[in-house]
Amino acid sequence: MWQRLSFRTQLFLPLGVMFIAALLMGGILLHVFTTGQLAEENEPAQRSTRAVAEALNSALRSSENPRRTLDDFVGRLDASSDIQFHSAEAGSPPFAPRPLQGPHSPPGWFVDLLAVPDLHIAFPVTIGSQRVGDIVFSPDLSAALFETWAGFLALAGVLVVLAGLTAVIAYVLAGSALRPLQDLGAGLTRIRRGDYATPIPVVGPPEIRQSCKEANALAATLAQLSQDNRELLHRMVSLQDDERRDLARELHDELGPLLFSIRAGTIALSEASPQTGNLGNSMQEVMRSVEALQHTNRRILDRLRPLYIEELGLEASVQTLLNNFRRQAPHIGLTAALDPGLNGIDGPLAQTVYRLIQEALTNVLRHAAARNAHVQASIAGGALAIDISDDGAGFPTDNVFGRGLTGMHERVRALSGSLSLLRADDRTYVRCRLPLADVSISP
């Protein structure tokens, strides 16, 4: 639970508990010392009350008219004095605490928490052998309790001010310590996502600054490795294209003439000989086989290297590819939305776009069992977006790229692009994004 709290909470929570504990401890100490302090402060007054009672009793014993002497004494007493005379005719002397006086009296809950001791005391007054009353000491604790209340408020105020200042200082220090860590975390997130160009600010304490420097050094190393990897992938793709071109040239220059020669010889032989019996059937089979080989050779040449991209442009070449797909799979409704700006793309980027659409449509035909497919290629914001979707059965949850899409992924990475396969709205999407500004990487 503690580990889930934020750094500021982990910092402020102990400080808050500490200040609350200090306030409670101050209240406890105030409670403990107030009781003893009140008893000590009123002890001289209690002794004075005893002396007054003894002096009054002595004066009454020596007086010719004790009652008059007592009345004179009572009349001289101040009504607000802590020492009062209580007549025996009024019953037992009251020992209830005197009500607190003054506009600044402490609240009742505070007085109850202090547990004020009973400081009342009474001394009997006699005339002869008859008890006529008591000299009662009933202290007014308003001033003492108000002083204690003021001390408590001062203590609480000091603690609150200190807590506020400490909280502000801790908040500022926590912010200054967290900001570099947050920058470091954001920078590491950018590095994880492949953004190596934005440096992490080198600020904060020396330990955090060193971590930021190491993270920036790691980003620079990863950027160099990523660049090297793209260049390596580009060389690999270039070598593959060179191999495909050489193989296509060999098939075109060697196998093509041979097939044409066989076809021409077969036609000449059939014209020179009467086509009767098994000989005529055999010649027809040879002609069909030669035509099938020629179609297969053209299809292989088309897959190895679409030689007409340079002549027709990318957009027209893709349209030709789509028309061939429609003839090959008439049961699949194929629609397309191609940006006319595709004709301005050439070189490795044009070949990658053509190969990607070709591979995706091949997968639709072989594996998707789809009824409809859609191809979209658009140029916007300095990037080329390609989406090939179908309404087929989709792919398993743990699906990975097959050999064909893996090769396409390598081509796309070589051009600093991205390729993803996803399922949404009961459709399967092959989605590719290629930057137009970073396509000329020299092999």
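In helix α2, which spans residues 66-76, the residues Pro66, Leu70 and Phe73 are buried; buried means under 20% relative accessible area, exposed over 50%, and partly exposed in between, with a 1.4 Å probe and protein chains only. These three cover an arc of only 60° around the axis, which puts them on the same side of α2, where the arc is that of the directions from the helix axis to the C-beta atoms. Please keep in mind that this is a predicted model, in which local features need pLDDT of at least 70 and side-chain atom pairs count only at pLDDT 80 or more, while totals for chains, interfaces and linings use all residues. Residues are numbered from 1 along each chain as its sequence is written, and side-chain values use heavy atoms, with hydrogens and water left out.

**The chain as a whole**

- The chain has 10 helices and 8 strands; helices (H or I, at least four residues) and strands (E, at least two) are DSSP runs, numbered from the N terminus.
- Of the 443 residues in the chain, 30% are buried.
- Among the contacts in the chain with a separation of 6 or more, 68% come from residues 24 or more positions apart; contact means heavy atoms within 4.5 Å.

**Helix α2 and strand β1**

- Turned away from the buried side of α2 is a face that carries the exposed residues Arg68, Gly75 and Arg76.
- Phe85 sits in strand β1, which covers residues 83-87.
- With a relative accessible area of 19%, Phe85 is buried.
- Leaving aside neighbours within four places in sequence, Phe85 is in contact with Leu70, Val74, Leu77, Val125, Val132, Gly133, Asp134 and Ile135.
- Phe85 and Ile135 are 50 residues apart in sequence, yet their C-alpha atoms are 4.7 Å apart in space.

**How α8 and α9 pack**

- Two packed helices are described by the angle between their axes and the distance between the axes.
- Helix α8 (residues 314-328) and helix α9 (residues 347-368) pack at an angle of about 15°, and their axes are 10 Å apart; axes are lines fitted to C-alpha atoms, for helices over the stretch in contact, and angles run from 0 to 180 degrees between N-to-C directions.
- α8 and α9 are therefore roughly parallel to each other, given that angles under 35 degrees count as roughly parallel, over 145 as roughly antiparallel, 65 to 115 as roughly perpendicular and the rest as oblique.
- The crossing of α8 past α9 is right-handed; a crossing is left-handed if the near helix is turned anticlockwise from the far one by less than a right angle, and right-handed if clockwise.
- On the α8 side, the contact is made by Leu314, Ser317, Val318, Leu321, Leu322, Phe325 and Gln328.
- On the α9 side, the contact is made by Ala350, Val353, Tyr354, Ile357, Gln358, Leu361 and Leu365.
- By class, this contact of α8 with α9 has 11 nonpolar, 3 polar and no charged residues; Ala, Val, Leu, Ile, Met, Phe, Trp, Tyr, Cys and Pro count as nonpolar, Asp, Glu, Lys and Arg as charged, and the others, Gly among them, as polar.
- Ala350, found in helix α9, is buried, with a relative accessible area of 1%.
- Not counting residues up to four places away in sequence, Ala350 touches Ile309, Leu314 and Ile345.
- Ala350 and Val318 are 32 residues apart along the chain, and their C-alpha atoms are separated by 10.0 Å.

- Leu434 has its place in strand β8, residues 427-435, and is buried, with a relative accessible area of 0%.
- Not counting residues up to four places away in sequence, Leu434 touches Leu349, Thr352, Val353, Ala383, Leu384, Val412, Leu415 and Gly417.
- Most residues other than glycine have a negative phi.
- Asp425 has a positive phi of about 55° although it is not a glycine, and Asp426 has a positive phi of about 60°.
- Asp425 is exposed, with a relative accessible area of 70%, and Asp426 counts as exposed at 63% relative accessibility.

**A glycine in helix α4**

- Gly164 is in helix α4, residues 142-192, and is partly exposed, with a relative accessible area of 32%.
- In space, Gly164 and Gly16 are 10.0 Å apart, C-alpha to C-alpha, while in sequence they are 148 residues apart.
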